[in-house]
Amino acid sequence: MMFHAKKTILVTGASGVVGTALLPELDQHQVIALTHRQLPRGRIQAVHGDLTQPFLGIDRAVYRGLAKQVDTIIHCAAVTDFAAGAQTSSELNVRGTEHLLQFAADANATFHYVSTAFVARDDMTRKQIGEAAANPTDYLVSKRRAEQLVRGASVPTTIVRPSVVIGDSRTGEAANFQGLHSLTNAVLKNALPLLPLDPDSRIDFVPQDVVARAIAGLVNDDVDAGEYWATAGDAATTVRRMIDTAVTAGQQLGIDVVPPRLVQPAMIDRLVRPVFISPLPPDLRRKFDDMLTMTALFAGAEPFPTSLPDMPGVSSLTETELDMAFAASVEYLACAKKIASRPVEAVA
């Protein structure tokens, strides 16, 4: 193992998908987790606070003490729920980032901000889809505004933009299940008879451990400037290949998975909605439109750029590696949700 100068690192979002994977990568350093509701796993020093409040919602003396200790900040915390609304998204994602940048200035600390690659998908998220409760626009607007704050900060900063983050590349384990997991869950349960995506559309996802190593690499190598895309790039899998992987993984667990029919998005309003969706109860129509909201982020999109080959501690991902990582996530999900009878421990 290569050793680097020991740092005192304040981490937000330590109990989330990226944060949980990140903590083991920082075991050479002193890590302090700023927590609000949920404590991180392991023996990590935690300080209870609230990013939406001035002085991080903590006692002024504690604040000053932290500022004297901390030399590096990794900001992973964010509202990622597409249905949270503009105010909730802005409170944490924008105001929280502003407060944390003020702390970085008080501590004279390097600031690493975890954003999202989907800030590049502005033209695909401008209108509400049908009756969807979820809308990515509020989330993405808040992340773009937060990036602007980071770029204008008075301290050294980096921005890391992961695409969809799935579970660990080997075990599939994740701290919680997010959008792509929900889509996969529906496929495994045969609850998704059709999927409004071109078979050749690319679905860019990255395992959580790859994102964690990318962030830790910046910290360990004292990188204090730049914007980095933690994405699959041109290796991103196609919709058809992703569905095939999910079906195969499900079948290996004894699940009889029927692949959803892939249809062109243009068919939805012209044929599918008036014939099949409009007669459904409101809650089912809303679930369908929530699914459309997510798939709209991928439909016909160009591949994201990727910085993985240029980031310390990681390398570019191959299609085979991504297939294996996604299969592991499918298996973990199926066992955790009790769709398959095999215990979760057997997947690891």
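**Helix packing and two residues**

Author: This is a predicted model. Helix α3 (residues 86–107) packs with helix α4 (residues 136–151) at an angle of about 15°, their axes 8 Å apart. The pair counts as roughly parallel, because the angle is under 35 degrees.

Reader: And which hand does the crossing of α3 and α4 have?
Author: Right-handed.

Reader: Which residues of α3 and α4 meet?
Author: From α3, they include Ala86, Ser89, Val94 and Leu101. From α4, Tyr139, Lys143, Ala146 and Val150 are among them.

Reader: How many residues of each class are in that contact?
Author: Seven nonpolar, five polar and four charged.

Reader: Now His99. Where is it?
Author: His99 sits in α3.

Reader: Buried or exposed?
Author: His99 is buried: its relative accessible area is 16%, and buried means under 20%.

Reader: What does the His99 side chain reach?
Author: The backbone oxygen of Leu51, at 2.7 Å. Setting aside residues up to four places away in sequence, His99 touches Leu51, Thr52, Gln53, Pro54 and Leu56.

Reader: New topic. Where is Ile339?
Author: In the segment after α10 (319–336). Ile339 counts as partly exposed, with 22% relative accessibility.

Reader: What is Ile339 in contact with, beyond its neighbours within four places in sequence?
Author: Asn185, Leu188, Lys189, Ile255 and Ala334.

Reader: And how far apart are Ile339 and Ile74?
Author: In space, 36 Å from C-alpha to C-alpha. In sequence, Ile339 and Ile74 are 265 residues apart.

Conventions:
Residues are numbered from 1 along each chain as its sequence is written. This is a predicted model: local features need pLDDT of at least 70, side-chain atom pairs count only at pLDDT 80 or more; totals for chains, interfaces and linings use all residues. Side-chain values use heavy atoms; hydrogens and water are left out. Helices (H or I, at least four residues) and strands (E, at least two) are DSSP runs, numbered from the N terminus. Buried means under 20% relative accessible area, exposed over 50%, partly exposed in between (1.4 Å probe, protein chains only). A polar contact is a pair of N or O atoms within 3.5 Å; within protein, one must be able to donate a hydrogen and the other to accept it, and residues adjacent in sequence count only if both atoms are side-chain atoms. Contact means heavy atoms within 4.5 Å. Axes are lines fitted to C-alpha atoms, for helices over the stretch in contact, and angles run from 0 to 180 degrees between N-to-C directions. Angles under 35 degrees count as roughly parallel, over 145 as roughly antiparallel, 65 to 115 as roughly perpendicular and the rest as oblique. A crossing is left-handed if the near helix is turned anticlockwise from the far one by less than a right angle, and right-handed if clockwise. Ala, Val, Leu, Ile, Met, Phe, Trp, Tyr, Cys and Pro count as nonpolar, Asp, Glu, Lys and Arg as charged, and the others, Gly among them, as polar.
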